[in-house]
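Walk through this model with the sequence beside it.

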Amino acid sequence: MTDHLVYLGLGSNLGDRKANLERAVRYIRRRVGKVVRISTFISTEPWGFESPNSFLNGVICCQTSLTPREVLQVTQEIERKMGRLKLLGVQPPNRQYEDRIIDIDILLYDDWQVDEPDLKIPHPLMQERDFVMIPLNEIRNETT
């Protein structure tokens, strides 16, 4: 099977943020594919909501034989395993964004475009988010 390059955005603002991101990378390595690049982790303020907890964000690039849909399913399973409350059905009502142990977003998958209700590639808001674009540009420059 042909390997594809997928870029994943990672974020955490609860608990040991660095350990959470490192744990997510280990799960991704086991379940998604070979991690070929990891950006610097950067500390950022919450985006889209108020919280006293700052985020640690980064981007990784993986080689994978999984389809975009399979990558979404696996990353959501990793979020659940790590304790992401939204996916456990206890997200506060009327809140799109909240504090989280881990957040994993598919940013890019090769040069594919996917427009499904629960899966949009490229990620539709990434251009608006420095916490995505700074680490993404860091590792994209290394892989091209």
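At 45% relative accessibility, Lys18 counts as partly exposed. The bands are these: buried is under 20% relative accessible area, exposed is over 50%, and partly exposed lies in between, with a 1.4 Å probe and protein chains only. The model is predicted, so local features need pLDDT of at least 70 and side-chain atom pairs count only at pLDDT 80 or more, while totals for chains, interfaces and linings use all residues. Residues are numbered from 1 along each chain as its sequence is written, and side-chain values use heavy atoms, with hydrogens and water left out.

What do the side chains of Glu22 and Lys18 form? They meet in a salt bridge, at 2.6 Å from N to O. The term requires a side-chain nitrogen of Lys or Arg within 4 Å of a carboxyl oxygen of Asp or Glu. Both residues belong to helix H1; because they are four residues apart, about one helical turn separates them. Glu22 is partly exposed, with a relative accessible area of 32%.

By this rule the count comes to six salt bridges. Another joins the side chains of Glu116 and Arg69, at 2.4 Å from N to O. Glu116 lies in strand E6 (residues 114-116) and Arg69 in helix H2, so this pair ties together parts that are 47 residues apart in sequence. Helices (H or I, at least four residues) and strands (E, at least two) are DSSP runs, numbered from the N terminus. Glu116 is partly exposed at 33% relative accessibility. Arg69 is partly exposed too, at 27%. A network of salt bridges links Arg69, Glu116 and Asp118.

Asp115 has a salt bridge as well. Its side chain meets that of Lys120 at 2.7 Å, N to O. Asp115 counts as exposed, at 65% relative accessibility. Lys120 is partly exposed, with a relative accessible area of 34%.

Now turn to the helices. Two packed helices are described by the angle between their axes and the distance between the axes. Helix H1 (residues 17-31) packs against helix H2 (residues 68-81) at an angle of about 140 degrees, with the axes 10 Å apart. That makes H1 oblique to H2. Angles under 35 degrees count as roughly parallel, over 145 as roughly antiparallel, 65 to 115 as roughly perpendicular, and the rest as oblique. Axes are lines fitted to C-alpha atoms, for helices over the stretch in contact, and angles run from 0 to 180 degrees between N-to-C directions.

Which residues make the contact? H1 supplies Arg23, Tyr27, Ile28 and Arg31, and H2 supplies Val74, Glu77, Ile78 and Lys81. Contact means heavy atoms within 4.5 Å. By class, the contact has four nonpolar, no polar and four charged residues.

Next, a loop. His123 lies between strand E7 (119-121) and helix H3 (130-143). Is His123 buried or exposed? His123 counts as buried, at 16% relative accessibility. Leaving aside neighbours within four places in sequence, His123 is in contact with Asp105, Ile106, Leu107 and Arg129.

Finally, step back to the whole chain. The protein has three helices and seven strands. From the N terminus on, its elements run β-α-β-β-β-α-β-β-β-α. Of its 144 residues, 45% count as buried. Among contacts between residues at least 6 apart in sequence, 71% join residues at least 24 apart.

Definitions and conventions:
Nonpolar A, V, L, I, M, F, W, Y, C, P; charged D, E, K, R; others polar.
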